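Dear colleague,

Please find the structure handed over below, followed by an account of what was found in it. I would be grateful if you would read the two side by side.

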Amino acid sequence: MTTPLSNSLHIADISTTLHPYTDARKHEKQGPIVIDRGEGIHVYDSNGKKYIEALSGLWSVAVGFNEQRLCDAAMAQMQKLPYYHTFAHKSHEPSIRLAEKLVEMTPEHLTRVFYTSSGSEANDTVVKMVWFYNNALGRPEKKKFLAREKAYHGITVASGSLTGLPYNHKHFDLPAIPVVHLTCPHFYRFGQDGETEAEFTQRLLAEAEETILREGPETIAAFIGEPVMGAGGVMVPPEGYWPGIEALCRKYDILLVSDEVINGFGRLGTTFGCEKMGFKPDILVTSKQLTSSYMPLAAIVFSEAVYDVIADNTHAIGTFGHGYTATGHPVATAVGLENLKIIEERDLIGNAARLSGPFQEGLRKYADHPLVGEVRGTGLIAALEMVADKETKRPFDPVGKLGGKAFEIGHEEGLICRNLGDTLALCPPLIITEDDAAEIVRIMGVILDRTLEFAK
Ligand code: PLP
């Protein structure tokens, strides 16, 4: 994936910018791939090379890369009221209308909305809301979070603490808030020899309950999880896992938070992941596909019961001392509202449900490929995990080198996926057609075959 440092953009980039999730010294040598424009499910780089964006950017561009209606919505709002805040009793129409829409679309018992600009800020806000809630209830001890290893909840100080990935913790002095990470509900990797999937589920639920009892239920405030885990490697939990977690939360008076930053708005073929996984969260976090990432926006949607406790305390204190300059930003919320209308009008959630079969089944054909240990996913999110030994599931050493090679080959073949270590993740825009899905599946076969040459 070496791009010649041939033009001033490349030079300017490497001499000015520290990139997220990038080896900075390697970047100085190879330079960036400058993405220049987008069209449907494709993006084009500054050399005119065309790619299928099979990760929707960062799991987020549901409606594709040139939706005129979103540009028009942004422009109209820019011209009318480009900015206003929502502090101290102020409001504006786009944030109000989007909140109504979110309350309509989310499960019935979720009735209240708080906006931020990113998933990380949203999860930080959730932590603070949950602490505020328990302080209001006179339970100052009830502050700990339960999360899972390999979870991704963001990278700010609190959300990064909830995340369960070593490279988000090491060197950053995280976790910095009280959090206990439970076993990742991924049977292929964490199931024990001779254990059935049902036994695995029961073991994880027993671990969760033992942890609650060991720490003391009076200290555990909330459980946070992605219904289907995304950035940690696309892991679909076994049947019965989520209803079991929900039952434990109810038993021990623990708030249940569904982080739907990737799952939300149709990714799994249902409007929200919690619906597909069969549980009712107290708090649901959305971002990414909320605006198709055309504007930075996240929304926390939560129950009236949680709202009531928080609202009473704001009244007692005189304010809710939390909020961002951009909370409910009018351009972002106007774009979000239009984006959700498009998702509904074009039945993109139905499209994800319909194409789930061909997409998932097409990829599962590669389960026999010599490199592939597991093919997994549901709806329009999937992953192929490459292993050194299919029998023992032994990973490659070092992890990620071959995945990086496959990622580069993908670019050469005109397909952008994401390598999470040696797992290749796919999450195409919800607008894909059956032909697009087949093309993604075909190119993944080419990528695997070409990558095999480097595994020897
Ligand atoms: N939560 C989940 C499930 C995510 O996948 C992400 C980002 O990938 C986040 C939170 C953090 O969102 P952001 O990158 O907007 O801060």
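**Findings**

Helix 4 and helix 14 are roughly antiparallel to each other, because their axes cross at roughly 150 degrees and angles over 145 degrees count as roughly antiparallel. Please note that this is a predicted model.

Helix 4 covers residues 68-80 and helix 14 covers residues 330-345, and their axes come within 9 Å. The crossing of these two helices is right-handed. On the side of helix 4, the contact involves Arg-69, Leu-70, Ala-73, Ala-74, Gln-77 and Met-78. Facing them in helix 14 are Pro-330, Val-331, Ala-334, Val-335, Glu-338, Asn-339 and Ile-342. By class, the residues of this contact comprise nine nonpolar, two polar and two charged.

The second topic is the ligand. Around the ligand there are 15 residues, of which Ser-118, Gly-119, Ser-120, Gly-154 and Val-261 come nearest. Helix 6 (residues 119-136) provides the largest share of this shell, with three residues. The shell consists of eight polar, five nonpolar and two charged residues.

The third topic is a sheet. Strands of a sheet pair through backbone hydrogen bonds, in either a parallel or an antiparallel sense. Here, four strands form an open sheet in the order 1-2-3-13, and the pairing is mixed. Strand 1 (35-39) and strand 13 (415-416) are the edge strands, each pairing on one side only. Four bridges join strand 1 to strand 2 (residues 42-45) in the antiparallel sense. Among the bridge partners are Gly-38 and Val-43, the latter in strand 2.

Yours sincerely

Technical notes
Residues numbered from 1 in each chain as written. Predicted model: local features only at pLDDT ≥ 70, side-chain atom pairs only at ≥ 80, totals over all residues. Axes fitted to C-alpha atoms, helices over the stretch in contact; angles between N-to-C directions. Parallel < 35°, antiparallel > 145°, perpendicular 65-115°, else oblique. Left-handed = near helix turned anticlockwise from the far one by under 90°. Contact = placed C-beta atoms within 7 Å. Nonpolar A, V, L, I, M, F, W, Y, C, P; charged D, E, K, R; others polar. Near = placed C-beta within 6 Å. Pairing = 2+ DSSP bridges.
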